Amino acid sequence: MKDRNKFNQILLIVLFCILIIALPITYKFVSNEDRRVMAGSNSVPPVLNVDNYDEFPSLYDEYYNNTVPYKGELVNLNSKLMFKYFNISPNSSVIKGEEGWLFYNSKHNEESDSLGDYQGTNKYTEGELALFAKSLNAKKEFLDERGIEFHIMIVPNKEQIYPEYMPSNIYKNEGTSKTDELVAYLEEHTDVNIIYLKDEMLNYKENLEYDIYNKTDSHWNNIGAYLGFVALMKEIDPNFKPIPLEDLKMTAEHLEDGDLAAMLALEGELEDIEYEFEYREDIKIELTEYKGKAMNRYKSINENGKKLLMYRDSFTVKLAPFLNKEFEESAFVWGIPFNQAQVEREDPDIVVVEVAERLTDYLKE
């Protein structure tokens, strides 16, 4: 048995050495087009000189990391091994949940703390809550003076809707979350219309056969976006009559590009679906202004004379195709909160601020 173990150890060392030697050699015969070099990254080896000696180590480290032979394949292989065989997420920003569900841990990207939102460990202080109220009251006063409606829609983090798929070793405190307390405070200390979709989405979840968030993405799917759209439109227009989901012709498509799957270098390799359907094909829209991520402006044949100005984050990507058919003109601007000078230029009838739960801090700016 000892001889057998020794043989296996030697074999492993030999195979490792062969791999280390073979990869750079075979890489020489791979075309430049097939080499996985990060777009825009430094793929030319730096030259040491008197002007860059202090930063040369970091320059060379960047060059090496971006041109290491078969980097993409090795990263993908490592992800597969860790995720599928060792049951470990290879990226600290992605939480591997149960039954194929992935969740975003935004704290590792230092943009927010979605895990703290879930666990209830990052509550706002009384002073912070007062700042939210002061900021939003000022915005509402500004809009009221101009006869503009104001709505804020908060989209819950995915794990608030599907906590049953979070890993069992991640505890969740009983009681209210940071956002629950924020919404309750704003309802008591402001006249701003706050649409927090958590309870509504939990109710839909219990009565629907469809998921409303993607398994491999941090966002809602098209059905979740439609539910959010209906909730918002009912606040804007009490007479709004939505088309029932069962009346929409729906097809299920395999989702290839979930953002969390991409963080794991496992795009297209995990099971997930997106529900595709058309909403109000009788309403034609035209994209009249396009500024990439910054702003999209639409006009529709819906001659109701209403203009929407919406400040948003990435959740509105799937929301906009519904909303832009309900207004004669609509503009979707990346960024939270709104810009007063822009509001005066646009002169809309309605201003909506859409914000993900993990980004509610922006509402007090």
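The questions and answers below concern a predicted model of a protein chain.

Q: How many helices and strands does the secondary structure of the protein chain come to?
A: The model is predicted, and the count covers the protein chain. Its secondary structure comes to 12 helices and 11 strands.

Q: What percentage of the residues in the protein chain is buried?
A: The protein chain has 365 residues. A residue counts as buried when its relative accessible area is under 20%. Buried residues make up 45% of the chain.

Q: What share of the accessible surface of the protein chain belongs to carbon and sulfur atoms?
A: The accessible surface of the chain comes to about 20,100 Å². The part that belongs to carbon and sulfur atoms is 51%.

Q: Among contacts between residues at least 6 apart in sequence, what percentage joins residues at least 24 apart?
A: The contacts in question are those in the protein chain between residues at least 6 apart in sequence. Of these, the share that joins residues at least 24 apart is 69%.

Q: How far does helix H5 reach from its first C-alpha to its last?
A: Helix H5 spans residues 126–144 and has 19 residues. At 1.5 Å a residue, 27 Å is expected. The reach in the model is close to that value, at 27 Å.

Q: Which strands and helices are among those that cover the buried residues of H5?
A: The buried residues of H5 include Leu129, Phe132, Leu136, Phe142 and Leu143, and also Lys139 and Lys140. What covers the buried residues of H5 includes strand E3 (149–155), helix H7 (178–189), helix H12 (340–346) and strand E11 (350–356).

Q: Is valine 14 buried or partly exposed?
A: Valine 14 lies in helix H1, residues 2–27. Together with Ile10 and Ile18, Val14 forms a nonpolar patch on the surface, with about 260 Å² of accessible area in total. Because its relative accessibility is 41%, valine 14 counts as partly exposed.

Q: What is the angle between the planes of tyrosine 210 and tyrosine 275?
A: The structure holds 21 aromatic pairs. One of them joins tyrosine 210 and tyrosine 275, with 5.0 Å centre to centre. The pair is edge-to-face, a class that needs planes over 60 degrees apart, and the angle here is 70°.

Q: How many residues apart are tyrosine 210 and tyrosine 275?
A: Tyrosine 210 is in the loop between helix H8 (198–207) and helix H9 (222–236), and tyrosine 275 is in strand E6 (residues 273–277). Tyrosine 210 is partly exposed at 25% relative accessible area, whereas tyrosine 275 counts as buried at 9%. The pair links distant parts of the chain, and its members are 65 residues apart.

Q: Which residues do ring pairs link into a cluster?
A: The structure holds 21 aromatic pairs. Ring pairs link a cluster made up of Tyr226, Phe229, Phe240, Phe277, Tyr279 and Phe322.

Q: Which residues are in contact with alanine 252, leaving aside its neighbours within four places in sequence?
A: Alanine 252 lies in strand E5, residues 250–254. Its C-alpha is separated by 5.7 Å from that of glutamate 274, which is 22 residues apart along the chain. With neighbours within four places left aside, the contacts of alanine 252 are Ile273, Glu274 and Tyr275.

Q: What is the distance between the closest N and O atoms of arginine 297 and glutamate 289?
A: Arginine 297 counts as buried at 11% relative accessibility, whereas glutamate 289 is partly exposed at 22%. Glutamate 289 also forms a salt bridge with lysine 291, the closest N and O atoms being 3.3 Å apart. For the salt bridge of arginine 297 with glutamate 289, the distance is 2.7 Å.

Q: Is glutamate 329 buried or exposed?
A: Leaving aside neighbours within four places in sequence, the contacts of glutamate 329 include Arg297, Tyr298, Lys306 and Lys307. Its relative accessible area is 18%. The limit for burial is under 20%, so glutamate 329 is buried.

Q: Which residues are linked with Glu329 in a network of salt bridges?
A: The structure holds 16 salt bridges. The residues linked with Glu329 in a network are Glu289, Lys291, Arg297, Lys307 and Glu346.

Technical notes: Residues numbered from 1 in each chain as written. Predicted model: local features only at pLDDT ≥ 70, side-chain atom pairs only at ≥ 80, totals over all residues. Heavy atoms only, no water. Helix = DSSP H or I, 4+ residues; strand = E, 2+ residues; numbered from the N terminus. Expected span 1.5 Å × (residues − 1). Buried < 20%, exposed > 50% of the residue type's maximum accessible area, 1.4 Å probe, protein only. Contact = heavy atoms within 4.5 Å. Areas by Shrake-Rupley, 256 points an atom, 1.4 Å probe, with all protein chains shown as cover. Patch = residues over 30% accessible without salt bridge, like charges linked within 9 Å, V, L, I, M, F, W, Y side chains within 5 Å. Salt bridge = Lys/Arg side-chain N within 4 Å of Asp/Glu carboxyl O. Phe/Tyr/Trp six-rings, centres within 6.5 Å; stacked < 30°, edge-to-face > 60°.
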